[in-house]
Amino acid sequence: MKNVPDTKLGRMYKEHIQHILDKNIDALLDQYTDDATLISSFSKSPVIYKGRDQVNEHMQGILGIDGLETDIVFWAETEDPETLMITEQITMTVGGEKSEMRFADSWVLQDGKIAIHFAGMVQHPDGTLA
């Protein structure tokens, strides 16, 4: 992981990525509130996941990731309310094939847990923009 600040949210982000690398979905889900909303733009149209069970459904996709490198291109956080907005350059290996893409993630926290997560694809591996 490159360019992650040593702040509370920076440490939480590092844990988040480590849980993905470890394929530890339970630990990942523990970072979310039970009624969290995750809005994903990984496909061409938005998909909204609400609550632990649906967020778990979204997280099943991490099981296919064999390698993940992140380079933070943009980082902004606030303390009150506790929020995070980042853009990441991602290199990911899935099924032996390496892909590069750009993500934009935003978190809104409630009591130290992610209550709202915008998980956005900015640039797909084929170079097309979302």
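Which residue in E6 is the bridge partner of arginine 102? The views below, taken from a predicted model, include the answer.

**View 1. Strands E5 and E6 pair in the antiparallel sense.** Glutamine 123 in E6 is the bridge partner of arginine 102.

View 2. Serine 40 has alanine 119 in E6 as its bridge partner.

**View 3. Tyrosine 13 and tryptophan 75 form an aromatic pair.** The count of aromatic pairs comes to 1. The ring centres lie 5.8 Å apart and the planes meet at 90°, so the pair is edge-to-face. Tyrosine 13 belongs to helix H1 (residues 8-22), tryptophan 75 to strand E3 (residues 65-79). The pair links distant parts of the chain, 62 residues apart. Both residues are buried.

**View 4. Tyr13 touches residues beyond its sequence neighbours.** Leaving out residues up to four places away in sequence, its contacts are Met1, Val4, Thr70, Ile72, Trp75, Ile86, Glu88 and Trp107.

**View 5. The largest nonpolar core holds 31 residues.** Tyr13, Met59 and Trp75 touch the most other members. Elements giving two or more residues include H1, helix H2 (25-29), helix H3 (51-59) and strand E4 (82-94). H1 gives the largest share, 5 residues.

Key
Residues are numbered from 1 along each chain as its sequence is written. This is a predicted model: local features need pLDDT of at least 70, side-chain atom pairs count only at pLDDT 80 or more; totals for chains, interfaces and linings use all residues. Side-chain values use heavy atoms; hydrogens and water are left out. Rings of Phe, Tyr and Trp (its six-membered ring) pair if their centres lie within 6.5 Å; planes under 30 degrees apart count as stacked, over 60 as edge-to-face and the rest as tilted. Helices (H or I, at least four residues) and strands (E, at least two) are DSSP runs, numbered from the N terminus. Buried means under 20% relative accessible area, exposed over 50%, partly exposed in between (1.4 Å probe, protein chains only). Two strands pair if DSSP finds at least two bridges between them. A nonpolar core is a set of buried Ala, Val, Leu, Ile, Met, Phe, Trp, Tyr and Cys residues joined through side-chain atoms within 4.5 Å. Contact means heavy atoms within 4.5 Å.
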